[in-house]
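Here is a short tour of a protein model.

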Amino acid sequence: MNRDYDRRLRLLLLPYAAGIGLLFVLPALMSFALAFFRYDSLSAPRFAGLVNFSLVRTDSLFNLSVVNTLALVLLPAPLRVFGAFLAALLARGGRLRHLLRAAVFLPSAIPATAFALAWLWILNPLYGPLNRLLASLSLATPGWLADAQWARPGLALAVLWLVGEGFLVCLAALYDVPRDLEDAAAVDGAGAWAILRHVLLPFLAPVILLLMARDAVLLLQESFTLTWLLTGGGPYYATYTLPQFIYEAAFDRLDFGMASAALWALYAVTGLILALVYTIARQWQIGMSEEEFLL
Amino acid sequence: MRRIIWLVPLLLLFACRQEKPVVSFMVFGDPAEYAAYEALVAAFEAENTDIDISLTHIPSSKDYRTKLATDFAAGTPPDIALLNYRRVPGFAAAGQFEPLGPYLDRSDVIQRADFYPITLDSFTWQGEVVCIPQNISSLVVYYNRDLFAAAGIDEPGDDWTWDDFLAAAKALTLDKDGDGTTDQFGVGVEPSLYRIAPFVWQNGGRIVDDPTYPTQLGLTRLPSLQALQWFVDLQTVHGVAPNRLEEAAIDSETRFVQGTTAMYLNSRRGTPTYRESAAFDWDIAPLPRGQQAAGILHSDAYCLSAAAKNKDAAWRFIEFANSPTGQTIVARSGRTVPSLIAVAESEAFLDPAARPARSRVFLDTIPDLQMVPLISTWEEIESTASEEIERAFFGDITAEEAAILARDRTEEYFTLGVRP
């Protein structure tokens, strides 16, 4: 019975597995092969060994784009997961919970382009509501996306609101925490902070770690839509990220070999971040078997 | 089953439609420009019922080039693409366009002598006309007549100078409510290599070291650098153009259309949009002159993809678009300065009832027009150099630093570039 059920589940997964294999895994592997060729898609590919990798490594724009990409992942990812957790905590109960849930999830449901346009307006250096607010509080008004110093914080600010999926996962995980545990802790005299620290957080730790990994991976790529629409990589490369480097190498300069080499650098960065999260999880020996964690 | 039956007539309809050759045609431009091409296609299809034209429109010209390059890479290019002469060499060097010179020679409708010669020159690659030029536009000064009248200054003459231009710009830059921020700017201009080029030429300078065989940018040489300095000073010293934050907040072209920038430098391309959206009286003037008069050619052409299946059908459309009838339709929209001499001199272009009243400026300055060098990597050269020019314009670096950085950063593109 159980085995039959498993088989049916696998069968149901088959279309997705096939799609992922065909549309993601296969092209990724092909791009790995392409990284060893000089190829402009108009003439036949020429084998070039490691030339593309050394071209990428010595390209100052590539190095800059890696730094920018990491900056746009390392700070926002933990903040986003933390925000999702806090929001879930607040939206767990109370009379306004439905409204709150909708409000938190809404930014994630808006198409990325509309979201970007809204932020172009919010962050407008002279006429945007944010700077007007800051000015009315007699605070400094940064140039945000138009200013090389402030463009990255501006982007990070926009990205912070996209916590919808993480929020849902946290909310579901919070409902899984047995009420008895919290009640017992309360009877023992634990305040809200102690309950959060000693009951809820340990329970949610695996979920939070998983979210962190997912968020970091997502941000590595998701940053492209927003930077492309909000800053185009500017001002003067301040927000020029690795996905944009890959896109321009491939589709502006038709240098598919170099783009593939850079793409595998992106995969390597992604792999490193995942390895880091995995190591932390192992260190903490979070209350799950390894098998469960991998799932 | 019943649902499937519903599909049959649809499929039949589809099958019937497919019998006619379909020629795909891709253009770029603002919505007002797009309307001109819709009218052109409609007129062609009315006369040629055996051919279907499928029109694709990409608003931004940068996205357009990327889309076109990707389409070529994927082996599915549009049959006909409208392309600026600066962008053609990149495609022509890879043999992606069918040279149209032989088609032109066989045509009964149009001949080489019908065109302004510089337009054919700008689309000549390896001794052969590659694409058929549609227009002979150039950079001019669009100005708000109401703001000139309000400031009580004379409108630009046909032979005004850099000094006249700067004086007018200063008089038109106003802080109306006295709060310390500028409410009205004298000038709006995109800080790019393409925009500064005519000023460099006017000062006796060069944008590249050798126009016939360019090997590096020439902005570091004295006459060129002086022109760049003058251009940059408009913003950094005189403040007659918006600074970086002001430009980011509302771009100069929008400011011009809103009536808060008095002069805006653009090619004929702006005309359909300003006709539609500007709620004030406006006109155009030639570029102010420096030591000598010089203008910059802006020309777009219809190019035929070498991979097009039905080249004869596609040529019939290109021929129609460049016949007096076709060019008249697009000229009426205001979009083009026709490349056919007869249409340019006709009322379709010089229509006194339509703005700008001084359209003749485009024709009178044709003898002074120069073009950027033809090299397959020009797009990269221009965008890289423009990044530095923009930084200088907004005061991040000096004009000289920009000239040096632009020269050094574009060097490899000159090495990689293919020349005609």
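Helix 1 (2-34), helix 11 (192-230), helix 12 (242-252) and helix 13 (256-284) of chain A each give at least two residues to the lining of the second largest pocket, and so does helix 3 (61-74) of chain B. Helices (H or I, at least four residues) and strands (E, at least two) are DSSP runs, numbered from the N terminus. The model is predicted: local features need pLDDT of at least 70, side-chain atom pairs count only at pLDDT 80 or more, and totals for chains, interfaces and linings use all residues. Residues are numbered from 1 along each chain as its sequence is written, chains are lettered from A and ligands numbered from 1 in the order in which they are written, and side-chain values use heavy atoms, with hydrogens and water left out.

The second largest pocket holds about 700 Å³ of space. Its lining has 24 residues, and Pro27(A), Ile246(A), Phe251(A), Leu263(A) and Tyr267(A) lie nearest the centre. By class, 20 lining residues are nonpolar, 4 are polar and none is charged. Here Ala, Val, Leu, Ile, Met, Phe, Trp, Tyr, Cys and Pro count as nonpolar, Asp, Glu, Lys and Arg as charged, and the others, Gly among them, as polar.

On a 1 Å grid over the protein atoms alone, a cavity is a set of points where a 1.4 Å probe fits but cannot get out; a pocket is an open set with protein on both sides within 12 Å along at least five of seven lines, and lining residues have an atom within 4 Å of a point. Grid points are joined across faces, edges and corners, and a volume is the space filled by probe spheres set on the points. The count is 2 cavities of 30 Å³ or more.

The largest cavity has a volume of about 60 Å³. Its lining includes Arg80(A), Glu165(A), Arg214(A) and Asp215(A). By class, this lining has 5 nonpolar, 1 polar and 4 charged residues. The second largest cavity has about 40 Å³ of space. Helix 11 of chain A gives the largest share of its lining, 4 residues. Here the classes are 5 nonpolar, 2 polar and no charged residues.

## Salt bridges

A salt bridge is a side-chain nitrogen of Lys or Arg within 4 Å of a carboxyl oxygen of Asp or Glu. Over all chains, there are 29. One joins Arg86(B) and Glu382(B), with the closest N and O atoms 2.5 Å apart. The two residues are 296 residues apart in the chain. Arg86(B) is buried at 12% relative accessibility, and Glu382(B) is buried at 10%. Buried means under 20% relative accessible area, exposed over 50%, and partly exposed in between (1.4 Å probe, protein chains only).

Glu388(B) pairs with Arg409(B) in another salt bridge, at 2.7 Å from N to O. Glu388(B) sits in helix 19 of chain B and Arg409(B) in helix 20 (residues 399-416). Glu388(B) is buried at 0%, whereas Arg409(B) is partly exposed at 24%.

## Two domains in chain B

Domain bounds come from an automatic or database domain assignment. For chain B, this gives domain 1 (22-136 + 299-363) and domain 2 (138-296 + 372-416). Their centres, taken over C-alpha atoms, are 27 Å apart. In contact (heavy atoms within 4.5 Å) are 35 residues of domain 1 and 32 residues of domain 2 of chain B.
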